[in-house]
Amino acid sequence: MGNDFSRRDLLLKTASLAAAAPFTSLLSASPTARVVGEPVVPQSGPFALPELPYAYDALTAAIDEETMRIHHTAHHQGYVTKLNEAMIKAMTMDATSAAQWRSNSIDHILKNLQHVPNSIRTDIRNNGGGHSNHSIFWSIMSPDGGGEPTGRIKQVIDRDFGGFNAFKATFEGTGGNRFGSGWIWLVRNPDKRYAIISRPNQDSPIIEGRFPVLGNDVWEHAYYLRYQNKRVDYLKAWWNVVNWDAVNERLEMSDTW
Ligand code: MN3
């Protein structure tokens, strides 16, 4: 595994960089909004699988090596590949805007999903959502993670969720009750209030204007090899690898989102 990407790079990859706007302004966003570290290669599409800032066997306190490898190289890569196919289709449909299409982060596109052409909107929702969700997921875990929340996220959890134990219980309960595949999120809502929500499939909270502070993947592919049907055991173990410093960085990002 390479370690060329710092966690901050990974966080920047997932940053959304502009307020909600019509499709025209989506297409006129500044080139500085281009996702950091992603190649400008229109033939293969603008998005790339982010490298992980740790080895596949680094998170065994919660997730086994084989699950990590398959999850990253097959599942996440699959979303990126299909997202790029949709983006190439969009650039072909509107060649004059191709450069602007390439320059936008996936989170900016998801935030403006209602302005994406109808013919590719579902592809972007599913595969763009998958790319964004997993990029966030990798970035908020660490082999040095776990333990009690610190800093600003501790303040949020204590103030709005009655402390870490109550927060975990609500999060795990929400995850256990998610029917089928989906994600569990702590989000910052547009009114700046925090909430634990679950969403099906790869639907990103960003589509609804909610900033994802932290999230866990409850698709079976995320846990089945080690935990089989015991999803809540996976949810409980996951806290062993949560990187609270990275979560605090996301809270900072939410201020300017
Ligand atoms: Mn997944």
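Reader: Which residues are the protein donors of the manganese ion?
Author: This is a predicted model, first of all. The donors are His 71, His 134, Asp 217 and His 221.

Reader: What spacing do the donors follow along the chain?
Author: The pattern is H-x62-H-x82-D-x3-H.

Reader: Where do His 71 and His 221 sit?
Author: They come from distant parts of the chain, 150 residues apart. His 71 is in helix H3, residues 65–93. His 221 is in the loop between strand E3 (211–217) and helix H9 (224–227).

Reader: Buried or exposed, those two?
Author: His 71 is buried. His 221 is buried as well.

Reader: New topic. Where is Gln 202?
Author: Gln 202 is in the loop between strand E2 (194–200) and E3.

Reader: Why does Gln 202 count as buried?
Author: Because its relative accessible area is 3%, and buried means under 20%.

Reader: Which side chain joins Gln 202 in a polar contact?
Author: That of Tyr 79. The contact between the two side chains is 2.9 Å.

Reader: What else is Gln 202 in contact with?
Author: Leave aside its neighbours within four places in sequence. Then the contacts include Arg 125, Asn 126, Asn 133, Trp 183 and Trp 219.

Reader: What about Asn 201 and its phi?
Author: Asn 201 has a positive phi of about 55°, although it is not a glycine. Most residues other than glycine have a negative phi. Asn 201 is in the loop between E2 and E3.

Reader: Last one. How much space lies in the largest pocket?
Author: About 160 Å³.

Reader: Which residues line the largest pocket?
Author: Among them are Lys 111, Arg 188, Lys 192 and Asp 255. Phe 211, Pro 190 and Trp 257 are in the lining too. By class, the lining has 3 nonpolar, 3 polar and 4 charged residues.

Notes:
Residues are numbered from 1 along each chain as its sequence is written. This is a predicted model: local features need pLDDT of at least 70, side-chain atom pairs count only at pLDDT 80 or more; totals for chains, interfaces and linings use all residues. Side-chain values use heavy atoms; hydrogens and water are left out. Donors are N, O and S atoms within 2.8 Å of the metal (3.2 Å for Na, K and Ca); water is not among the atoms, so sites may look incomplete. Helices (H or I, at least four residues) and strands (E, at least two) are DSSP runs, numbered from the N terminus. Buried means under 20% relative accessible area, exposed over 50%, partly exposed in between (1.4 Å probe, protein chains only). A polar contact is a pair of N or O atoms within 3.5 Å; within protein, one must be able to donate a hydrogen and the other to accept it, and residues adjacent in sequence count only if both atoms are side-chain atoms. Contact means heavy atoms within 4.5 Å. On a 1 Å grid over the protein atoms alone, a cavity is a set of points where a 1.4 Å probe fits but cannot get out, and a pocket is an open set with protein on both sides within 12 Å along at least five of seven lines; lining residues have an atom within 4 Å of a point. Grid points are joined across faces, edges and corners, and a volume is the space filled by probe spheres set on the points. Ala, Val, Leu, Ile, Met, Phe, Trp, Tyr, Cys and Pro count as nonpolar, Asp, Glu, Lys and Arg as charged, and the others, Gly among them, as polar.
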